[in-house]
Amino acid sequence: MSAMKANLERLPKGLQATLVLALLCLIAFPFAGSDFYKEMVTRMMILAIFAMSLDLLQGVTGLVSLGHAAYFGLAGYALAFLTPEGAAVSLWWTLPVAVLASSLAALVIGFFVVRTHGIYFIMVTMAFAQMVYFLFFDNKSLGGSDGLYINFKPSTSIFGVQTFDLDNKTHFYYFTLVMMLAVYAILRKLLWSPTGRALAGIRINEHRMRAMGYGTFKYKLTAFTIAGGLAGLAGYLQGAQSGFVNPELMGFHMSAHAIMMLVLGGMGNFAGAIVGAFSFEILLSLFKDLPNGLGKHWQLWMGTFIVLIVIFAPRGLMGLWEKNKGAQT
Amino acid sequence: MDLATFLIQLLNSVQYGLLLFMLAAGLTLIFGIMGVVNLAHGSFYMLGAYLAYALSGLWGSLTLAILVGALLSVVFGLALEWLLFRHFYERDHLDQVLLTFGLIYIFEELRSMLWGDDVHGVAIPELLSQSVPLTDTLSYPVYRLAMSGVCVALALGLYWVITKTKLGMKIRAGAFNSAMTEALGINIKLIHAVVFALGVALASVAGMIASPISSVYPGMGSSVLIMCFVVVVIGGIGSVRGALIAALLVGFVDTFGKVLLPSISGMLVYILMAAVLLWKPEGLFKQ
């Protein structure tokens, strides 16, 4: 049903140039920004990874998930459980384990949810995410409503040789940047692979795909699992950066924010997801910092903004670009 | 568990189930007839509870507050439908999700600006503040029984409107084939507005009658919204009968889960939903 309109899969030249320029700015940023801003941009890049992972479902396959935050949060919790109270653990095995944990959860939940369509898919993904949320919220042994602390950032030494230091804000920044670019590259590769083409086919006409002999269930489950795993990567970084995890990371607001990021930036090409994540976070902090106590009511401004965007620019910023340039997909 | 405790829990589960039904009925009708995903449905529940708190504080009578509040909710529902929702019936589900998510933020903030972020209590009416003794030590509050009574009356009323009246006939026709209904000269836009306002009023009244028991607090809409989603998924979209049965089922599983299996009680309802999905992916009573 949703996201049936042709998505901007091939990025127009002008846009590509702008994005490369933006990337150069991102690479140069730590030389100019203070620690505070470095952390802020790192957080935006983490959310960009999260938004890209959802884009595989929402923009490419046409599945609107309202429960994607569950897989984001799970990997964060995985890191919290794996980190002992008084020491750091190695990044090199905890990161894959955390991503695997999220993928596994997505595989199991996906088994139930991808057999549903349209409205059902939206409601069921949300309900299952809420189930995971309550599992952690209700159980004191899993941190309960307060969540868990991650006292030490993962260590990066290989055979005792220190490579880089995640306690260093600049190192963490570049590590996240590399991760974000890697995820982008992997997803772009996937988008143009036979699997990616099949997923896009499912978005455009699932019945036809099935008539052509594609097992759409298998493809959708694959997409759901990969998206869950990549969301886990973002969640792991989020947990490592902030030093704590709580159930709100898996909450329904988090999932809805990711959807909003995609709509803002444009869906189906992953670059839009990055742009959307940055735009959304910048807007959110702008609303929260409004002067004269107006920032206290940020929910009102954010809500109004979202409603206005949906009414007047439902295809987001890149959609406006598309309209102006008349670009073809 | 002895018989008296069992009876109390059973009454609680029926009462919770009926309350969920009031919310889910509106939600499933709006889904079924207009095809709209309404995340803001929980906000109407919250709005009702706060209206009950504000109006009963003003006039000292919960009954009067509920009557006036229900009327206000209908007006509010009509206005919201006319201003926003009407333009989204034909849009992508994605747009509907975002619109109604934006509305949640707006309603939450307006609630915070009007009534603050504290938890408030609503007094139970004098007449219903007694308890029915069950054994020497256990008793059951009359208000909870009255609540279930109101829910049953409203459910019967809804059933009567939908199956026996001319309006109900038009609503069913609209749900079955909206374009054909319109071609036959029925004002489908009006039907949509009525159904939407009805859904808002049902949710709001549910919030009002629940307010003395659950108290009134920020974010009370979200948790109830997700339960309603589960009810609608289990019952089948658009089916009011399905919503009733699913709501009672969810009420039963949730209430007894909390008593018998407290450590996983929060998850039980979702496990129930997963089981139903495996068995019938489109709910028990697909329309």
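**Conventions.** This is a predicted model, in which local features need pLDDT of at least 70 and side-chain atom pairs count only at pLDDT 80 or more, while totals for chains, interfaces and linings use all residues. Residues are numbered from 1 along each chain as its sequence is written, and chains are lettered from A and ligands numbered from 1 in the order in which they are written.

**Confidence.** I looked up the overall scores and found ipTM 0.88 and pTM 0.91.

**Helix pair in chain A.** I took helix H3 (residues 69-82) and helix H8 (residues 216-242) of chain A, which pack at an angle of about 50° with their axes 6 Å apart; axes are lines fitted to C-alpha atoms, for helices over the stretch in contact, and angles run from 0 to 180 degrees between N-to-C directions. H3(A) is therefore oblique to H8(A), given that angles under 35 degrees count as roughly parallel, over 145 as roughly antiparallel, 65 to 115 as roughly perpendicular and the rest as oblique. Their crossing is right-handed. The contact (C-beta atoms, placed from the backbone, within 7 Å) includes Tyr71(A), Gly73(A) and Leu79(A) of H3(A) and Ala231(A), Gly235(A) and Tyr236(A) of H8(A). Its residues divide into eleven nonpolar, seven polar and no charged, where Ala, Val, Leu, Ile, Met, Phe, Trp, Tyr, Cys and Pro count as nonpolar, Asp, Glu, Lys and Arg as charged, and the others, Gly among them, as polar.

**Helix pair in chain B.** Helix H2 (residues 41-59) and helix H9 (residues 220-235) of chain B pack at about 130°, with their axes 7 Å apart, and are therefore oblique to each other. H2(B) passes H9(B) in a right-handed crossing. Among the residues making this contact are Tyr45(B) and Met46(B) of H2(B) and Leu225(B) and Cys228(B) of H9(B); the contact divides into seven nonpolar, five polar and no charged residues.

**Between the chains.** I found 35 residues of chain B in contact with 39 residues of chain A. On the chain B side, helix H4 (93-115), H9 and helix H11 (265-279) each give two or more residues, and H4(B) gives the most, with 15. That side divides into 25 nonpolar, five polar and five charged residues.

**Two single residues.** Is Ala40(B) buried or exposed? Ala40(B), in the loop between helix H1 (3-34) and H2 of chain B, is buried, with 25 other C-beta atoms within 10 Å; the cut-offs are 20 or more for buried, 12 or fewer for exposed and partly exposed in between, with C-beta atoms placed from the backbone. Not counting residues up to four places away in sequence, Ala40(B) touches Thr100(B), Leu103(B), Ile104(B) and Phe107(B). Ile282(A), in helix H10 (residues 271-288) of chain A, is exposed, with 12 other C-beta atoms within 10 Å. Ile282(A) and Met40(A) are 242 residues apart in sequence and 9.5 Å apart in space, C-alpha to C-alpha.

Conventions
Helix = DSSP H or I, 4+ residues; strand = E, 2+ residues; numbered from the N terminus. Left-handed = near helix turned anticlockwise from the far one by under 90°. Contact = placed C-beta atoms within 7 Å.
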